[in-house]
Amino acid sequence: RQLLSPTHFYPRSAVANLRITWSGVGDTGCTGTLISARHILTAAHCIYGIGFGGWANSIEVVPGLDGDYKPFGSAYVTVMRTYQAWTKYGDSNFDFALLTLDRHIGFATGWFGYGHYPDVNGYIGRIMGYPGDLDDGLRLYFDFDRIVNSSFYMLDHHIDTYAGQSGSGIYLFDSNNTRFIFAVHAYGNSRHNSGVRITSQR
């Protein structure tokens, strides 16, 4: 993984550290990506966890966090949305969430596009996020690798990640120098990592 610093310019600025507080449990960290001036795409387990008592208590969103430096300040989540398939059944196919912020911080940071691609096998996916095993999860890292397998809802990839990068957008960088998220990173194991795809219905 490659350290990205400084982070005050696009596209690094559009990737946010999520500081999540749970009632009576403590704090955790995830990653999210701005997809509009006030909307963040992330993983559902970052905002709703059965082991944490349900919905997160509060979420501070810090775009472009670089150690102790917050180049754009922070925003707070006012609305959390995910699927009942996740909140009721923990279905990993729906480990996917959209957050609304209390201010239009994206006008300062910029944001990513997103899209549905019917066949992503063999694509090169890219991830920027905040891994907890490096710099206490306070600095932004990047890696890329190939998408090795996919189903309608999920995909497998070999991009190097660690806890804290859940919710990172998996994106394409095309010939027009634009970036489109096509999945959200959610899981990792010794064989491969996995993400939840944006589909034609969502």
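1. Arg126 is placed over the face of Phe144, 5.9 Å from the ring centre. Likewise, the charged end of Arg202 lies over the ring of Phe94, at 5.3 Å from its centre. A charge sits over a ring if NZ of Lys or CZ of Arg is within 6 Å of the ring centre and within 35 degrees of the ring normal.

2. This is a predicted model, in which local features need pLDDT of at least 70, side-chain atom pairs count only at pLDDT 80 or more, and totals for chains, interfaces and linings use all residues. Residues are numbered from 1 along each chain as its sequence is written, and side-chain values use heavy atoms, with hydrogens and water left out.

3. The whole structure contains 13 aromatic pairs (rings of Phe, Tyr and Trp, the last by its six-membered ring, with centres within 6.5 Å; planes under 30 degrees apart are stacked, over 60 edge-to-face, the rest tilted). The pair of Tyr83 and Phe96 is tilted, because the planes stand at 40°, with the ring centres 6.5 Å apart. Tyr83 and Phe96 are 13 residues apart.

4. Phe96 is buried at 8% relative accessibility, whereas Tyr83 is partly exposed at 30% (buried is under 20% relative accessible area, exposed over 50%, partly exposed in between; 1.4 Å probe, protein chains only).

5. Tyr123 and Phe182 form an edge-to-face pair, 6.4 Å centre to centre with 75° between the planes. Tyr123 is partly exposed at 28% relative accessibility, and Phe182 is buried at 2%.

Conventions. Helix = DSSP H or I, 4+ residues; strand = E, 2+ residues; numbered from the N terminus.
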